[in-house]
Amino acid sequence: MAVWRVALPVAGSEVYDYRPPAGWSGAAPLGHALRVPFGRRELVGIVMDSAADSAVPAAKLRAATAVLGEAPLLDAPLRALLEFAARHYLHPLGLCVATALPAQAHRAPRRVHHYQITAAGQATLAAGRPRGARQRAVLEQLAAAPEGCAREALHAPATVLSRLVAQGWAEVSQRCDDVAPHSPGAEPATLRSGQQQALEAIRGAGSRPQLLIGPTGSGKTEVYLARAAEVIAAGQQVLMLVPEIALTPQMIARVRARLRARVGVLHSGLPDGARHALWHAAASGEADFVLATRSGVFTPLPRLGLLIVDEEHEASYKQQDGLRYSARDLAVYRGQLQDCAVLLGSATPSLESLHNATQGRYVEHSLPAPQRGQQDLRLVDLRPLPAAEPLSPALRALMREHLDAQGQCFLFLNRRGYAPVLYCPECQWSPQCARCDSAMVWHRGAGELRCHHCDSRQRPPTGCASCDGSQLLPVGWGTQRVVEAAERAFPDTPVLRFDRDSLGQRGALESALEDIAQRRAPIVVGTQMLAKGHDFPALSLVAVVDADGGLYSADFRATERLGQLLSQVRGRAGRRAQDAACVIQTRAPTHPHLQAWLAGGYGGLSQALLAERAEAGWPPYAHVALLRIEAPESAALEAFWQALEPGRWQAEGVDLLGPVSRPRRAGRERAQLLWRASRRGQLHPLLRQLRATLQDARWARSVRWAFDVDPWTLD
Ligand code: ADP
Ligand code: ZN
Ligand code: ZN
């Protein structure tokens, strides 16, 4: 008796066994959606596998209700990718499948009728027919549109259209409305010799994973698109992943203009219907090129010929809840499954990817830095300055020079609000979030204290809540305070703030970018949002207002991220040939990591950091996994550790660190246990056994627990 193994969107077993629906004969419909009874409910799952028999007693084995849809939703490579994700990230397979699929994936996609003129239609027009004016008008409209027209664009009754089709003068097809047919587009740029060499090397590397390193502006995107065009011309599909923040209208327009291809765009803000339609267009081969953010790595692409991951070092590729996957790492695995090249690109690659390239697992290509003018790079020591002043005299003097020369100044600070802390000078008390272990941030513009972890808000107290002190002083700087300092120093110059708070309104981002591009804002103060993507011709001075956060963090990746930020910021200035300046303000000017970056750029710093990671046994020289737990009361966490006995979960070649408690967030106490091993093979069997234990244990239900494999941060 055949048994189907079905992935269902519930935490529990990996797969559930069912008998085929009544009357089914023939092979199991692998990858198809299947409606099944589950307890007293009905669920829709995916047939992952079939078997001759089941461990479930025959009497208890239930029959599926129905096979849904005509085509499988998950082809063999995607099923294998999801099975890998479930194993690697220790997450229930059915929930991995649910993460990958759009809502209601098994329903027929929304389609539009699309009309195109045929050769017979062309000939008819040339012969001065048809005689009917309406038919003729429609045929002329179609003749003028080489890509054809959607039904809506044709102002004609159905009878006219069906008559044209019946005559063989026009053809009708069903299409996904969200995949733009190629526009005639711009002629591609002639590649510079460095780009040409990289392109040839990429072509020559076949289906091996590759790392393209090139500073911002060196022309990486142009190389991706040139290679993509070749792959599409050969009849294959291309998937390009970009960080959330980089999927701008400019980026989409650039891809559409450059490629003679049907381009679809997938991102998290897309309405369900559009996501669903695009997903099916990719699966049916209707889209040639899919531009997507993280979850796009699961897009079905049967003719996949190239997978690009731009800015591969970006944090946004790692999902921080549910299935905690890295889209970059899954992309590399998917490349193996579909025998397709994976091209990772970055100006500042992750240490993991650099290590993979050094080890020969990735083929490395590089692009030379673009032509630039001189760049004056300097560290400014903040220690002699008053703590309330974020702009050093040296920085202000440079700003004056650049503003006088019609340049533009960007000041970067990765902290929103006015000041991260308000405090009482009498007793050191400061307002804390009631739900998190962290200080409330003073947002002076809004007249509120806000928690940057849980977004709690409150009016600031009028005086100290702990002593008789009557005033609270702001300590430290946020973007608002830097704006204030810039306005004080340059009273006649408009200053624009560019952060999540100031760009909340719809359309605010576009209008701010336009203001910056037109130099209506000669001084811009922004968070990391501003460090990416866009190209501003007048920008000549960039400054990192406070580099120190990344130097003293306990997180093992903090310095790598700081180096990436510094290089990104530095790369923003002087993309045109004018002279540019880059200022890094710090209280630790002699810090060896800052010095390494100053002397050798990100390349120099990353070599130093790799040596340190090797020494200390952190990734990429070790594999790390976390068990994160949280509960409203710390007693529940204590009870969990008591029952688990963490010390028991050790194995040969595996270090166990913890349990350690973590700062409370949004009213939940948190803690974690960390494992580190030089080989995955030593770590994963242990974790799988632990997961099975936790799934069955009653005591494990009083906390929320989750594994985080290859965590991005230990926070
Ligand atoms: P990256 O992706 O490395 O930051 P881009 O591909 O975006 O670099 O290129 C930076 C700028 O230079 C873009 O405006 C792009 O249009 C332009 N550009 C890139 N390559 C060429 C080329 N071969 N000829 C002319 N312009 C180019
Ligand atoms: Zn006080
Ligand atoms: Zn909070």
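Modeller: In what follows, helices (H or I, at least four residues) and strands (E, at least two) are DSSP runs, numbered from the N terminus. The model is predicted.

Colleague: Is D339 buried or exposed?
Modeller: Exposed means a relative accessible area over 50%. D339 has 57%, so this residue counts as exposed.

Colleague: What is phi of D339?
Modeller: D339 is a residue other than glycine, yet its phi is positive. The value is near 50°.

Colleague: Which loop holds Q406?
Modeller: Phi of Q406 is also positive, near 65°, and Q406 is not a glycine. With a relative accessible area of 52%, Q406 is exposed. Its loop is the one between α12 (393–404) and β17 (408–412).

Colleague: What is the geometry at the zinc ion (ligand 2)?
Modeller: Four SG atoms coordinate the zinc ion (ligand 2), from C424, C427, C464 and C467, at 2.2 to 2.3 Å. Four donors count as tetrahedral if all angles lie between 85 and 135 degrees. Angles among the donor atoms here run from 104 to 117°, so the site is tetrahedral.

Colleague: How are the donor residues of the zinc ion (ligand 2) spaced in sequence?
Modeller: The donors are C424, C427, C464 and C467. Written as a pattern, the spacing is C-x2-C-x36-C-x2-C.

Colleague: How many residues apart in sequence are the parts that C427 and C467 tie together?
Modeller: C427 lies in the loop between β18 (421–423) and β19 (441–443). C467 lies in the loop between β21 (457–458) and β22 (473–475). The pair therefore ties together parts whose separation in sequence is 40 residues.

Colleague: What is the relative accessibility of C467?
Modeller: Partly exposed covers the range between under 20% (buried) and over 50% (exposed). C427, at 28%, counts as partly exposed. C467 also counts as partly exposed, at 27%.

Colleague: What is omega for the bond that joins R129 and P130?
Modeller: P130 lies in the loop between α3 (119–126) and α4 (133–143). The peptide bond from R129 to P130 is cis. Omega is about -5°.

Colleague: Where is P620 found?
Modeller: The peptide bond from P619 to P620 is cis, with omega near 5°. P620 is found in the loop between α16 (592–616) and β27 (623–631).

How values were computed
Residues are numbered from 1 along each chain as its sequence is written. Chains are lettered from A and ligands numbered from 1 in the order in which they are written. This is a predicted model: local features need pLDDT of at least 70, side-chain atom pairs count only at pLDDT 80 or more; totals for chains, interfaces and linings use all residues. Side-chain values use heavy atoms; hydrogens and water are left out. Donors are N, O and S atoms within 2.8 Å of the metal (3.2 Å for Na, K and Ca); water is not among the atoms, so sites may look incomplete. Four donors count as tetrahedral if all angles lie between 85 and 135 degrees; four count as square planar and six as octahedral if opposite donors are over 155 degrees apart and all others between 65 and 115; anything else is irregular. Buried means under 20% relative accessible area, exposed over 50%, partly exposed in between (1.4 Å probe, protein chains only).
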